[in-house]
Amino acid sequence: MPLYRQIADDLRQQIAKKTLSPGQRLAAEADLAHKYGVGVDTVRDALALLRTEGVVRTVRGEGSYIREQAERVVLTVEGPALISARMPSADEKESLDLPEGVPVLVLEIGEETRILPAHETKIEVSGPES
């Protein structure tokens, strides 16, 4: 497994164990590179991965912070539905107030299409019993 993924996994585990808390600033990239024994570019790749997953946010000139994880809303869908994921358009990102790197879910039921923030939505599909 690439080193940047190993670092991202370790940071995710620290978040899951509450060693790192929402809102907490991560150590500087150089300090993380020293801690993990890698170059700064490897740490940047790990942080980029975590940003795309919505786990951290980075503020230029300040550093990276653990993002508050949104509570998911369960949406129950009956009948046939098509669900896909993609990155949002600029308008969707603004209207849904999406953090950097968070995809949207596109839910199509019949003629209706709904765009939902993936980090806040859990879809449960129900239908007739087989």
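The model is predicted. Its largest nonpolar core has 17 residues, and α3 gives the largest share of this core, 5 residues. An open sheet of 3 strands is present, and β1 and β2 form a hairpin.

**Helix packing**

- The axes of α1 and α3 come within 8 Å of each other and cross at roughly 55°.
- Angles from 65 to 115 degrees would count as roughly perpendicular and those under 35 degrees as roughly parallel; α1 and α3 are therefore oblique to each other.
- The crossing of α1 past α3 is right-handed.
- On the α1 side, the residues that meet α3 are L3, Y4, R5, I7, A8, L11 and R12.
- Their counterparts in α3 are T42, D45, A46, L47, L49 and L50.

- The share from α3 is the largest, at 5 residues.
- Apart from this core lies another of 6 residues, including L75, V77, L107 and L116.
- Nonpolar side chains tend to be buried together in soluble globular proteins.
- L26 touches L11, L20, L47, V56, S64 and I66, when residues up to four places away in sequence are not counted.

- Strand β1 (residues 56-59) runs antiparallel to strand β2 (residues 63-66), and 4 bridges join them.
- V59 has G63 in β2 as its bridge partner.
- There are 3 residues between the two strands of this hairpin.
- G61, in the turn, has a positive phi of about 85°.

**Three-stranded sheet**

- The open sheet has the order β4-β5-β6, and its pairing is antiparallel.
- Its edge strands, β4 (82-86) and β6 (112-117), each pair on one side only.
- Neighbouring strands in this sheet are turned by 20° against each other on average, with direction ignored.
- Between the antiparallel strands β5 and β6 there are 6 bridges.
- I109 stands opposite E112, which is in β6.

**Loop residues with positive phi**

- Most residues other than glycine have a negative phi.
- K18, which is not a glycine, has a positive phi near 70°.
- The position of K18 is in the loop between α1 (3-16) and α2 (29-36).
- K18 counts as exposed because its relative accessibility is 66%, and exposed residues are those over 50%.
- D97 also has a positive phi without being a glycine, at about 55°.
- The loop that holds D97 runs between α4 (90-95) and β5 (104-109).
- D97 is exposed, at a relative accessible area of 66%.

**P103**

- P103 is placed in the loop between α4 and β5.
- With a relative accessible area of 26%, P103 is partly exposed.
- P103 and L116 are 13 residues apart along the chain, and their C-alpha atoms are separated by 8.8 Å.
- Leaving aside neighbours within four places in sequence, P103 is in contact with R86, M87, P88, L116, P117 and A118.

How values were computed: Residues are numbered from 1 along each chain as its sequence is written. This is a predicted model: local features need pLDDT of at least 70, side-chain atom pairs count only at pLDDT 80 or more; totals for chains, interfaces and linings use all residues. Side-chain values use heavy atoms; hydrogens and water are left out. Buried means under 20% relative accessible area, exposed over 50%, partly exposed in between (1.4 Å probe, protein chains only). A nonpolar core is a set of buried Ala, Val, Leu, Ile, Met, Phe, Trp, Tyr and Cys residues joined through side-chain atoms within 4.5 Å. Contact means heavy atoms within 4.5 Å. Two strands pair if DSSP finds at least two bridges between them. Axes are lines fitted to C-alpha atoms, for helices over the stretch in contact, and angles run from 0 to 180 degrees between N-to-C directions. Angles under 35 degrees count as roughly parallel, over 145 as roughly antiparallel, 65 to 115 as roughly perpendicular and the rest as oblique. A crossing is left-handed if the near helix is turned anticlockwise from the far one by less than a right angle, and right-handed if clockwise.
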